[in-house]
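Have the viewer ready and follow along.

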Amino acid sequence: MRAVDIIAKKRDKQELTSDELKFFVEGYTRGDIPDYQASAWCMAVLLNGMTEAEATALTLHMARSGDTLDLHPIAPFVVDKHSTGGVGDKTTLVVAPLVACHGLPVGKMSGRGLGFSGGTIDKLESIRGFNVSLTTAQFMDMLAQHGVVVSGQSADLAPADGKFYALRDVTATVESLPLIAASVMSKKIAAGADAIVLDVKVGQGAFMKTVEQAEALARLMVKIGQGVGRKVAAVLTDMNQPLGAAVGNALEVRETIETLRGGGPADFRQHCLTIGGKMLELAGKAGSLTEGERMLAESLDNGQAWAKFVEWITAQGGDRSQLENPDLLPTATLIETVAAPRGGFIAGVDAAEVGKTGVDLGGGRAKKGDPIDYAVGILVHAKVGAQLAQGDLLFTIHANDPAKLEAARQRLLAAVAWSETAVSAPPHTLMIIE
Ligand code: URA
């Protein structure tokens, strides 16, 4: 077999066999197939799609490109969650300790920022000392001792996804339904969780722009997971505007801390309760989503979730002083507000534009392996439905470069849509697929 023939076959809209996909995934993971051929293949997949059989085979070969964990010797039932990526999505940072403090082990592999959407691993790395590169043994150990672990894509678990993910980020090949499904589910399958809640984002700030696309992705992922014996539910949530207020790595860690201490933006808190509540329900710890949400709200308010967060972050090497005093997290040198240029109702805050502004400030990557600035980002003060007078606070920009700050100001002002008449806040949870 030759990589070039496999690329040509996908370019010509033909279905690849499981053996061809195995050859490509294994060859790229080993380094025998170079980035330029893998880039061409990803683009062919993005343009021409895959059948369900191809997507399933791709997922399984990616999951088997490294170790696949069996967590049962240390925990009888492990849960996981995964977001397809959004703007301001720091949900894992809250939900992992929140669910774990109910005695339900959470073992998770996360990714870095992808395109304009942020990544949990980048956010966690804004905490000094936090170790995202765990070996399989360390992953298991954390889970056994603390009931919660979040690791980056290690050399051991689904290494194929680690390589494809970084490549897609910089080759405009993220927004492919089968590539997203295989990326998400290969990690989930390799990391060994029994139950998985998928947070499938829909809208301007998501890779899936319409409910129809998101539903198709959700159904494909649920099917792949159930096919290998996992309990899977997908929650479709709105990503037309950023989630919560903070967009940017260290700023999102701050918002996580506020939320775990019982505060935080209302939309973000509710989102965490829904995703976490579904995890409790799938694991049989709660009789219903409502009961799960109630249990979790209690632990946000009584300090249990916060205590578990501190235990987890410090066990993975994170600096406790930065959690207790978030002012010690990376902080930008230029912090400026953006005022409303007019009065009216907010009809839209384009999440993709806010996400891209964050990347341009230095919070994301332009090419594979670029360093990022953890301190920069945006606080979104007015969400859809809010009524503002001229001069009211719209955004706060955290920057380390005056020219980038000015560009961000212009871009953010253009990202807001106004209405003369009242606008109701859109529903956040759109659909649940099991
Ligand atoms: N999240 C993933 O893990 N992979 C993707 O491809 C997109 C979002």
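This is a predicted model: local features need pLDDT of at least 70, side-chain atom pairs count only at pLDDT 80 or more; totals for chains, interfaces and linings use all residues.

Residues are numbered from 1 along each chain as its sequence is written, and side-chain values use heavy atoms, with hydrogens and water left out.

Let's begin at the ligand. Around it you'll find H82, S83, T84, L114, Y165, R168, I180, S183, V184 and K187; to be in this shell, a residue needs a heavy atom within 4 Å of the ligand. By type, the shell has 4 nonpolar, 4 polar and 2 charged residues. In that scheme Ala, Val, Leu, Ile, Met, Phe, Trp, Tyr, Cys and Pro are nonpolar, Asp, Glu, Lys and Arg are charged, and the others, Gly among them, are polar.

Where does the shell come from? Strand 1 (79-83), helix 8 (159-169) and helix 9 (177-191) each give at least two residues, and helix 9 has the largest share with 4 residues. Helices (H or I, at least four residues) and strands (E, at least two) are DSSP runs, numbered from the N terminus.

Now zoom in on the polar contacts, meaning pairs of N or O atoms within 3.5 Å. The side chain of R168 has an N or O atom 2.7 Å from a ligand oxygen, and K187 puts a polar side-chain atom 2.6 Å from an oxygen of the ligand. On its own the ligand would expose 240 Å², and the protein buries 98% of that (areas by Shrake-Rupley with a 1.4 Å probe).

On to the sheets, where two strands pair if DSSP finds at least two bridges between them. One is an open, antiparallel sheet of 3 strands in the order 10-8-12, with strand 10 (387-388) and strand 12 (416-419) at the edges. Strand 8 (344-349) joins strand 10 through 2 bridges, and G344 has L388 as its bridge partner.

The other open sheet has 4 strands, ordered 6-9-11-7 with antiparallel pairing. Its edges are strand 6 (246-247) and strand 7 (334-339). Strand 7 pairs with strand 11 (393-399) over 6 bridges, and L334 is partnered with A399.

Methods:
A polar contact is a pair of N or O atoms within 3.5 Å; within protein, one must be able to donate a hydrogen and the other to accept it, and residues adjacent in sequence count only if both atoms are side-chain atoms.
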